[in-house]
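Please read this briefing alongside the sequence and the coordinates.

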Amino acid sequence: MTLHCLFLATVASLLSLFDQKQDVASANQFFQQLDHEQFTDSKIQFTNDVPVDSLQQQVWYWAAEWLYAQQDYEQAEQYALKALKKYHPQNPELADCQNTLACIYVRLSDFTKAADYARQSVKIVMRGGNHDDISSSLNTLAGIYMAGYQAKEAEQIILQAIDHANQVDNPGRKAIILGMASEIYHSLSNDQKALSYAEEAIKIEKKLGRQPKLAIRLSQKGSALLGLHRYKEAEEIYRQVVPELKEMGNYHSYAIALNQLGMSLIGQERYREAIPYYQEAASLFSKMGDLYNEIHSHRGLYESYWKLNPDSAKIELDYFDLLKDSLYKQSTAQALSRYHAEFENNRLQQENEEMRATHRTTILIAIAVILVLTLLGWWYVRRIHQKEKEHVEALMREIEQLRKETVSNQQSADAPPATLIPDEDRKFLMRVVEVVNEGMAAGQISVENIASGLNMSTQTFRRRLQMTAGETPKAFISAIQMEKAGKLLKENPDLSILDIAMHCGFEEASSFAHTFKRVFGVSPSQYRN
């Protein structure tokens, strides 16, 4: 068992002990372990005269924070709600618990509750005037905007959060906010700013000695460096991060980092050195069943072998094309299946019966039906994407209105919460779109990564998506990539095709163009013109 796994087991055991005893001794043991791992902002210790309600409030609140950090969002929700009941309505610390619940519900794709708790939290902290609390609540709002793929709005909020954070001496909080700023500017393709914020956050984490959080800041810096094509510096980052990910047992992120390390070496024309990293990554992705990232591993092997061994390069290219074709065929088959189910199903069944009865030319009718289905499918995907976009925009407008109201302190404290997205299935699909968009910005859009971002197992994610949208995860992810590509081509004439490819999760223009033409029927350049 690794040290990280041992720590998780110890904290879980101490939390269970407190739930049983609910006394000062078990509470102090719980906080002593969190402090040992530098999880809390400062040391927390209780005396024997502390009321039980206060113990429950603090332990359950920090349990929710800890479970959230472990991505156990359902358990985090339970403890946060238990803690919430123990706060007096006039207690300013109530805002912290509401803020935590807002973060939890974003991860659980319940944006109505997330916005409601974020609204309540901001109202309290704005009235209190505590800059530290305000910066934390604004950081949560910025995260909600990022989850809705509204980076420009998130930028405005995070800059306000930084201003408030600069008014107080809480370096741990500031590092988190700067890290969020780095992510936001990376998604805006302003990687120079993303790098600046990441480096500032890294300095703080080093000074605080928070090694686990330092790894996160370094990963943010690595993403910015790759975006700037500063491959040598990115290599140094990944050589530090890769063994840490392996030690933590996060093999999927480890394999992705191997691919990125290989990319940084290819950028320096160190092809032979890149090969073993891509080989190990390809093997891991194959075992995981992650076809998308395995494709990128073999593309990297092809590029690495090209100037070293043309025969090996040809083998990797053939395998690369085979995997791409397999991915495309799976997506196409699933798309046609869904279109058939959602459009004209009864009519087509009747036509098929008539065909069998009259013995008409089966092949010609089948071709006609496929063409009709394809056209209907294209229209339907565009319509669904537009509706999802409208829902996300409506959500972001609601949050923007909330921010304005709370900043100006014009909205009354008892104002009823707005209903944002009542449709559970639509909320789930929107959340999938959000997580995929986040993954594209980070270069991590495998099925496993998306499922993890949704706090689901891979199998649960597959079943839920199939039941809700009639899609496999890979087909749905591919559709989102292509939708973003079309939007970028229309709205960003100054971006090169390679830049757009990288924004959509592709690592080179030829692969992007190949996939784009299969989906839209024209090359990216033709589509733009």
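Which residues does K221 touch, not counting residues up to four places away in sequence? K221 touches L195, A198, E199, I202 and I237, where contact means heavy atoms within 4.5 Å. This is a predicted model, in which local features need pLDDT of at least 70 and side-chain atom pairs count only at pLDDT 80 or more, while totals for chains, interfaces and linings use all residues. Residues are numbered from 1 along each chain as its sequence is written, and side-chain values use heavy atoms, with hydrogens and water left out.

- K221 is found in helix α11, helices being DSSP runs of H or I with at least four residues, numbered from the N terminus.
- K221 counts as buried because its relative accessible area is 18% (buried is under 20%, exposed over 50% and partly exposed in between, with a 1.4 Å probe and protein chains only).
- The C-alpha atoms of K221 and I237 are separated by 7.8 Å, although the two residues are 16 residues apart along the chain.

**Packing of α2 and α3**
- Helix α2 (residues 24–36) and helix α3 (residues 52–69) pack at an angle of about 30°, with their axes 11 Å apart; the axes are lines fitted to C-alpha atoms over the stretch in contact, and angles run from 0 to 180 degrees between N-to-C directions.
- α2 and α3 are therefore roughly parallel to each other (the term covers angles under 35 degrees).
- From α2, the residues V24, A27, F30, F31 and L34 meet L55, Q58, V59, W62, A63 and W66 in α3.
- By class, this contact of α2 with α3 has 10 nonpolar, 1 polar and no charged residues, where Ala, Val, Leu, Ile, Met, Phe, Trp, Tyr, Cys and Pro count as nonpolar, Asp, Glu, Lys and Arg as charged, and the others as polar.

**Nonpolar cores**
- The largest nonpolar core has 100 residues, of which F30, F31, L34, F46, V59 and W62 touch the most other members; such a core is a set of buried Ala, Val, Leu, Ile, Met, Phe, Trp, Tyr and Cys residues joined through side-chain atoms within 4.5 Å.
- F30 touches V11, L14, L15, V59, W62 and A63, not counting residues up to four places away in sequence.

**Loop residues with positive phi**
- S189, in the loop between α9 (171–187) and α10 (191–208), has a phi near 65°, a positive value in a residue other than glycine, and S189 is partly exposed at a relative accessible area of 34%.
- H229, in the loop between α11 (211–227) and α12 (231–248), has a positive phi of about 60° although it is not a glycine, and H229 is partly exposed at a relative accessible area of 37%.

Definitions and conventions
Helices (H or I, at least four residues) and strands (E, at least two) are DSSP runs, numbered from the N terminus. Angles under 35 degrees count as roughly parallel, over 145 as roughly antiparallel, 65 to 115 as roughly perpendicular and the rest as oblique.
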